[in-house]
Amino acid sequence: MSQARIVYLNGEFLPYAEAKVPVMDRGFLFADGIYEVSAVLSGRLVDNAAHLARLDRSLGEIGIRNPHTGAEWLALQTDLVARNGLGEGLLYMQVTRGVFERDFAFPPAGTPPTVMMFTQAKTIGANPLAETGAAIVTVPDLRWKRRDIKSVALLAQVIAKQQAAEAGVAEAWMVEDGAVTEGSSSTAFIVAGDRIVTRPLSHALLPGITRLAVMRLAEEEGLTVEERLFSVEEAMGADEAFYTSASSFVMPVVRIDGTTVGDGRPGPLSRRLRALYLAMARETLE
């Protein structure tokens, strides 16, 4: 981690080494907070308004006051990207319930939230994995029942990611009651004939911002999107599979638990959707 990195913390832009959060912060003690991640291409934020809207919704769902308006967030984000000279990568935002003596109940009204942001350089647009396709594993879904809230409580996802890392693959898809819920940090899709299939929104999964954009692009192209549950077995036998996220855009999947999907190469529809998303992102950069 570069010591030259600039971090935003509670109203200040600070060198990475000087940005510190107190021990009694509820995000540290209880994972009592919300986070959001926006992609950056050519030094500008991608689909950022939707990410800020989801941040606002998640904060409201757990009763944390949003500390900034959308315009204020955008100004701070833009400033942070510029200060770090970030051309391509990710911008991470986190808001916790703040600092107070450890107690499970909420602290008194008026306790200021902790607000933090940092950037990470990462190749997203020309990711080599998109050319070869990703291998994934499936794991049990161990998470809580409000997965639609983008909480910083990510231990189950950390364990899933570690299982993927130990298997030498890129991602893990989580499974509950025989159906795929979503990836550890992505939305799961399969292609069955002429239909693009993904799980419908509910408390069981996060409403993915890239998911929404890709579904809209598909429909604009006259493609059929079907929202329904699907099993691991159906995914293995699908014509194609892919996942979406702010950090991977559209990523083709070529193997699931060692089983080859399709012909073992990124499928034409996955490639097409990735190209459409990249074109949209570059045309609508804020």
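Let's start out at the surface: Asp263 and Arg265 are both exposed, where exposed means over 50% relative accessible area, buried means under 20%, and partly exposed is in between, with a 1.4 Å probe and protein chains only. The side chains of these two, Asp263 and Arg265, meet in a salt bridge at 2.9 Å, N to O. By salt bridge I mean a side-chain nitrogen of Lys or Arg within 4 Å of a carboxyl oxygen of Asp or Glu.

A quick word on what we're looking at. This is a predicted model, so local features need pLDDT of at least 70 and side-chain atom pairs count only at pLDDT 80 or more, while totals for chains, interfaces and linings use all residues. Residues are numbered from 1 along each chain as its sequence is written, and side-chain values use heavy atoms, with hydrogens and water left out.

Okay, the overall picture. The protein has eight helices and 15 strands; those are DSSP runs numbered from the N terminus, H or I with at least four residues for helices, E with at least two for strands. With 286 residues, a compact globule would have a radius of gyration near 19 Å, and the protein has 19 Å, so that agrees. That radius is taken over C-alpha atoms, and the globule rule is 2.2 Å times the number of residues to the power 0.38. Along the principal axes, the C-alpha atoms fill a box of roughly 55 × 40 × 35 Å. Buried residues make up 52% of the 286. Of the contacts with a separation of 6 or more, 71% are between residues 24 or more positions apart, a contact being heavy atoms within 4.5 Å.

Now, the inside. In soluble globular proteins, nonpolar side chains tend to be buried together. Here the largest nonpolar core has 33 residues, and those with the most contacts inside it are Tyr92, Ile196, Phe242, Phe249, Leu273 and Tyr277. A nonpolar core, for us, is a set of buried Ala, Val, Leu, Ile, Met, Phe, Trp, Tyr and Cys residues joined through side-chain atoms within 4.5 Å. Which element gives the most to this core? That's α8, with six residues. As for Phe249, leaving aside neighbours within four places in sequence, its contacts include Ala39, Leu41, Ile124, Arg274, Tyr277 and Leu278. Apart from that core lies another, of 21 residues, with Leu59, Ile64, Leu86 and Leu91 among them.

The buried residues of α8 are Leu269, Ser270, Leu273, Arg274, Tyr277, Leu278, Met280 and Ala281. An α-helix has 3.6 residues a turn, so residues three or four places apart point the same way. What does its side chain meet in a salt bridge? Glu131, at 3.5 Å, N to O. That pair links distant parts of the chain, with Glu131 in helix α4, residues 129-132, and Arg271 in α8, 140 residues apart.

More on charges. A search of the whole structure finds 20 salt bridges. Asp141, Arg143, Lys145, Arg147, Glu176 and Glu182 are linked in a network of them. Then there's Asp148, which pairs with Arg146 at 2.7 Å, N to O. Asp148 counts as buried, at 3%, whereas Arg146 is partly exposed, at 22%.

Asp148 also turns up next to a serine. Ser58 sits in helix α2, residues 48-61, and is buried, with a relative accessible area of 0%. Beyond its neighbours within four places in sequence, Ser58 is in contact with Ile34, Asp148, Ile149 and Lys150.

Another one at 0% is Val40, which counts as buried and is found in strand β3. Its contacts, sequence neighbours within four places aside, are Leu45, Val81, Leu86, Gly87, Glu88, Gly89 and Leu91.

Ala31 has a phi near 55°, a positive value in a residue other than glycine. Ala31 is in the loop between α1 and β3, partly exposed at 24%. Asp47 isn't a glycine either, and has a positive phi of about 50°; look for Asp47 in the loop between β4 and α2.
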